[in-house]
Amino acid sequence: MNKADSNAGPLVRDATEDDLPAVQEIYAHHVLHGVATFEEKPPDLEEIRRRFRAVKEKGLPWLAAEVEGAVCGYAYAAPYHHRPAYRFAAENSVYVDHRVMRQGLGAALLDRLIDSCARKGLRRMVAVIGDSANAASIRLHERAGFRLVGVLPSVGFKHGRWLDCVIMQRALGDGDGTLPS
């Protein structure tokens, strides 16, 4: 995989089912080698497809970042929780291929995801970040206007160590400044 051209930037677009093999590969690496997700066994392609369809059926965005024709990252918004009172809040997920990290793909994906969710009338976005030492993800979210709202110490155990869960959030659109229509 080639590095992203710093002048051109990635193409961020709506993902399709054709992108899911690349999505599964990107996510599998993070599951097996990282702590951003607390999953320990990578889901197979069929499970990724089920998750993709569930997000799309809710009318929420699932995006892909493409560099030189290859999917190098993805992001999606899922319901924060499933009870009706949470219907104006979404949780984001952003993953970038480990071979092209720190080139702006995550920021491009997150910015577009925020914009898409705001246009859909959502009012809050929540980031649940695995590991308080995940400085790159915390910085990515801070840059996008998220603020720290809490840390759940040692709620996960993966790769032989205890892991914190960092909770960040930001307003979308009018946030709680007005009632939803």
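Predicted model: local features only at pLDDT ≥ 70, side-chain atom pairs only at ≥ 80, totals over all residues.
Glu 47 counts as partly exposed, at 22% relative accessibility. Residues are numbered from 1 along each chain as its sequence is written, and side-chain values use heavy atoms, leaving out hydrogens and water.

Where does Glu 47 sit? Its place is in helix H2. Helices (H or I, at least four residues) and strands (E, at least two) are DSSP runs, numbered from the N terminus. Glu 47 is 23 residues from Gln 24 in sequence. In space, the two are 9.1 Å apart, C-alpha to C-alpha.

Helix H1 covers residues 20-33. It packs with H2 at an angle of about 110°, and the axes are 9 Å apart. Axes are lines fitted to C-alpha atoms, for helices over the stretch in contact; angles run from 0 to 180 degrees between N-to-C directions. H1 and H2 are therefore roughly perpendicular to each other. That label covers 65 to 115 degrees; under 35 is roughly parallel, over 145 roughly antiparallel, and the rest oblique.

Which residues meet? From H1 come Leu 20, Pro 21, Val 23, Gln 24 and Tyr 27. From H2 come Leu 45, Ile 48, Arg 49, Arg 51 and Phe 52. By class, this contact has 7 nonpolar, 1 polar and 2 charged residues. Ala, Val, Leu, Ile, Met, Phe, Trp, Tyr, Cys and Pro count as nonpolar; Asp, Glu, Lys and Arg count as charged; the others, Gly among them, count as polar. Contact means heavy atoms within 4.5 Å.

## The sheet

Now for the strands. An open sheet is built from 7 strands in the order E1-E2-E3-E4-E5-E7-E6, with mixed pairing. Its edge strands are E1 (11-14) and E6 (147-158), each pairing on one side only. From one strand to the next, the twist averages 25°. Helix H2 (residues 45-57) packs on the sheet and touches E2 and E3 (70-79). The direction of H2 makes about 120° with that of E2.

Strands of a sheet pair through backbone hydrogen bonds, either parallel or antiparallel. Here, two strands pair if DSSP finds at least two bridges between them. E1 and E2 (residues 62-67) run antiparallel, joined by 4 bridges. Asp 14 stands opposite Leu 63 in E2. E2 and E3 are also antiparallel, over 6 bridges. There, Trp 62 has Tyr 76 in E3 as its bridge partner.

E3 joins E4 through 7 bridges, and these strands run antiparallel. Pro 79 faces Ala 90 in E4. Of the 10 residues of E3, 8 are buried, so this strand is largely enclosed by the rest of the structure. Further along, E5 and E7 pair in the antiparallel sense over 7 bridges. Ile 129 lies opposite Val 166 in E7. E6 and E7 run antiparallel too, with 8 bridges. In that pair, Lys 158 stands opposite Arg 161.

## Turns with positive phi

The hairpin of E2 and E3 has 2 residues between the strands, and Glu 68 there takes a positive phi near 50°. Glu 68 is exposed, with a relative accessible area of 59%. The hairpin of E6 and E7 also has 2 residues between its strands. Its turn holds His 159, with a positive phi of about 55°.

Asp 131 has a positive phi of about 80°, although it is not a glycine. Is Asp 131 buried or exposed? It is buried, with a relative accessible area of 7%. Asp 131 lies in the loop between E5 (124-130) and helix H4 (135-143).

## One face of H4

In H4, the buried residues are Ser 137, Ile 138, Leu 140 and His 141. Down the axis of H4, they fall within an arc of 160°, so they line one face of the helix. The arc is that of the directions from the helix axis to the C-beta atoms. The buried residues of H4 pack against E4 (89-96), helix H3 (105-119), E5 and E7 (161-171). After H4 comes Gly 145, whose phi is positive, near 95°.

Conventions:
Buried < 20%, exposed > 50% of the residue type's maximum accessible area, 1.4 Å probe, protein only.
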